[in-house]
Amino acid sequence: MSRSSPSSTPGTAVRPGLLVLALALGVTTLSLLQSLVVPVLGTIEDQLDVSPGAAGWVLTANLLAAAVLTPALGRLGDLRGERPVILGILVAVALGTLLAIVTTSLPLLLVGRILQGASYGLFPLSISVLRRELPAARLSVAMSIVSSTLAVGGVAGLVATGLLVGDGGDYRRPFWIGLGVTLASLVLAYRLLPDRPSSGSGRVDWWGALVLGAGLVLLLLPVSQGNAWGWASPGVVGCLAGSVLVLAGWVVLQRRTAQPLLRPAMLADRRTIVPNVAGLMTGIALFASFLAVLQYVQTPPGATGYGFGASVLEASVLYLVPGGVVGIAVAPVAGKVVTRLGALPTLLAGAATGVAGFLLLAFLRGEPWLVVVAGVLTQLSVTVAYAALPALVVQAVHEDETGVANAVNSIARAVGQALGSTVAVTLIAAGHDPATGFPRDGAYTGVALIGALATLAVMAVAVVGMVADRRGGAGRRTDPLTGVEEATARAGEWSPVSGIR
C-alpha cells in the first residue's frame with residue numbers, strides 16, 4: 001500500500017516548483033470563489049431586488065453542487081487520470097464565473113455558482129497529483145503549500161470584495177478577479193500538469209455518487225437555510241431525517257457494489273476518521289473566526305459601546321490580511337514539521353494556537369491590535385491543520401484512492417464551514433439588541449467560544465490518534481512521507497504518522 005515512485009514518461013519531466021505553483025493557484029481559485037460572495041450578499045439582495053433568503057442561495061447552491069460533485073470528481077481522477085479532470089473543472093468554473101459576471105438574473109447567477117461548485121474537486125485531485133509525482137522527501141511541504149491556499153485564498157476573496165465593492169459598487173466586480181485567477185490556473189495546468197496513466201482501474205460508481213450527493217444535499221440544505229426556514233420547521237426536520245435515511249441506504253448500497261465509490265471500511269477506519277473529524281471542526285473554526293472578526297470590527301462603538309467602526313475594506317485589510325500573510329509564510333515550515341515530527345503532533349500544536357486565539361477574541365478584544373493578534377493565531381491554526389490533514393489522508397489509503405479520500409475530507413471541511421457560518425449567524429442574530437439595532441457584545445463572545453470548542457475538538461482527535469499509535473507496536477513499516485520505519489498496531493498495518501517512535 002506504499003506510495004509508488006513518481007512516474008517517468010519520456011518528455012514529461014516534472015518541475016516540482018512549477019507543479020506546486022500550478023496546483024496552488026488552482027486551489028486558490030476554489031477558496032477565492034467560495035469567500036468573495038460572503039460580504040456582498042446584502043448587495044446582491046439590493047441590486048437584484050430579491051429577499052435575503054433568496055440571496056442566501058448564492059452560497060447554498062455552490063455548497064450543494066460541491067457536495068454532489070466532489071466525491072465523483074475525486075474518484076474520476078483516480079480512475080481516468082487527474083489532468084483531464086482538472087482541466088475540465090477549470091473550464092466549467094471559468095464558464096460559471098463568466099455567467100456570474102454577465103447576468104443580472106438570480107436564477108442564472110445560481111447556475112453560475114453551481115458550475116463554480118465543481119472547483120471543490122481541485123483540491124483532492126491536486127493532492128493526488130503531488131502524491132504521484134513528487135518524491136517522499138518533498139511531499140509534505142508541497143501538500144502543505146497547496147493546502148494552505150484554502151485559507152489564504154479565502155482571505156484574498158474577502159479583501160478583493162472589500163476593495164471592489166466596499167464603496168457600494170456592483171457585486172459582480174469581484175468575479176472578474178475570480179475569472180482572471182481561473183483562466184491563469186487553466187493555462188498553467190494545461191502547460192505544467194503531466195499526462196500520466198491513471199493509478200486505478202474499474203469504473204466510477206455513478207449510482208453511489210448520486211445517492212451520496214442526495215444525502216449530503218439533504219444534510220447541507222437545512223444547515224445553510226435553517227435560519228430562514230426556522231430550525232423546528234417541517235422542512236429542516238424532514239431534510240435532516242431524510243439525510244439519515246439516504247446516507248444509511250448509501251452505506252448499504254456501497255457494501256453491495258463490486259466497485260464502490262467509497263469503501264465503507266475506509267470511512268469507519270480510525271486512520272481516516274481522525275482527519276475527517278479534524279477537518280469538520282477546522283471548518284467550523286475558520287468561518288467562526290472570519291464572521292466574528294468581520295462583524296465585530298465594523299460595529300460603530302458610539303452606538304453600542306464596542307467595535308471599531310471599520311469599513312468593509314478596513315475590516316478585510318487590517319484585520320484579516322495579517323493572518324493570511326502569516327499563513328503563506330508558515331505553510332512551508334508546517335510541511336517540514338509534518339515530515340520531521342509527524343502529522344498528528346503538528347495538528348495538535350496548531351490547534352493549541354487556535355484555542356489561544358479564540359480565547360483572546362472571546363475575552364480580550366477591546367483593542368484593535370488584540371483582535372489582529374487573535375486573527376493571526378486562529379488563521380495560523382487553520383493553516384497548520386490544512387498542512388497536516390492531507391498527510392494523514394494520504395497515509396491512510398491506497399494511491400488509487402487518494403482523490404476520493406481527499407474529496408471526503410474536503411466535504412467534511414465544507415460541512416464544517418457551513419456549520420460555522422450558520423452557528424455564527426444564529427448567535428449574532430439571537431443577540432440582537434432592539435435598542436441599538438446591533439447585536440449585543442456577548443454574542444461575539446459566544447461565537448469565539450464556539451470556535452475555541454471546535455479547535456479543542458481538533459486537539460482531542462489528534463491526541464486520540466497519537467495514543468492509538470503509541471499502543472501499536474507489533475511490526476514495523478516505512479512511512480511513505482519520510483522514509484523512516486515506524487511501529488504499527490499490527491504487522492503490515494497502515495497508520496498515520498504520529499511522531500511517536
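Predicted model: local features only at pLDDT ≥ 70, side-chain atom pairs only at ≥ 80, totals over all residues.

Residues are numbered from 1 along each chain as its sequence is written, and side-chain values use heavy atoms, with hydrogens and water left out.

**The whole chain**

- The protein chain has 19 helices and four strands; these are DSSP runs numbered from the N terminus, with helices being H or I of at least four residues and strands being E of at least two.
- Of its 501 residues, 56% count as buried. Buried means under 20% relative accessible area, exposed means over 50%, and partly exposed lies in between, using a 1.4 Å probe and protein chains only.
- Among contacts between residues at least 6 apart in sequence, 78% join residues at least 24 apart. Contact here means heavy atoms within 4.5 Å.

**Helix 1 and helix 8**

- Helix 1 (residues 16-35) packs against helix 8 (residues 173-192) at an angle of about 150°, and their axes are 9 Å apart. Axes are lines fitted to C-alpha atoms, for helices over the stretch in contact, and angles run from 0 to 180 degrees between N-to-C directions.
- The two helices are therefore roughly antiparallel, a label for angles over 145 degrees.
- The contact draws on residues of both helices, including Leu-25, Gly-26 and Leu-33 of helix 1 and Phe-175, Gly-178 and Thr-182 of helix 8.
- By class, this contact has 13 nonpolar, five polar and no charged residues. Ala, Val, Leu, Ile, Met, Phe, Trp, Tyr, Cys and Pro count as nonpolar, Asp, Glu, Lys and Arg as charged, and the others, Gly among them, as polar.

**Leu-33, a residue of that contact**

- Leu-33 is found in helix 1 and counts as buried, at 2% relative accessibility.
- Beyond its neighbours within four places in sequence, Leu-33 is in contact with Val-93, Thr-97, Arg-113, Gln-116, Phe-175, Gly-178 and Thr-182.
- Leu-33 and Leu-158 are 125 residues apart in sequence, yet 9.7 Å apart in space, C-alpha to C-alpha.

**The nonpolar core**

- The largest nonpolar core has 127 residues, and Ile-86, Leu-109, Leu-130, Phe-175 and Leu-347 touch the most other members. Such a core is a set of buried Ala, Val, Leu, Ile, Met, Phe, Trp, Tyr and Cys residues joined through side-chain atoms within 4.5 Å.
- Helix 17 gives the most to this core, with 13 residues.
- Leaving out residues up to four places away in sequence, Ile-86 touches Leu-23, Leu-122, Leu-125, Val-129, Ala-189 and Leu-193.

- Pro-222 sits in helix 9 (residues 206-229) and is buried, with a relative accessible area of 1%. Not counting residues up to four places away, Pro-222 touches Val-217, Trp-231, Val-236, Cys-239 and Leu-240.
- Ser-410 belongs to helix 18 (residues 402-430) and is buried, with a relative accessible area of 5%. With residues up to four places away set aside, Ser-410 touches Thr-70, Phe-123 and Pro-124.
- Leu-364 lies in the loop between helix 16 (343-363) and helix 17 (368-396). Leu-364 touches Leu-359 and Leu-370, again not counting residues up to four places away in sequence.

Terms used
Parallel < 35°, antiparallel > 145°, perpendicular 65-115°, else oblique.
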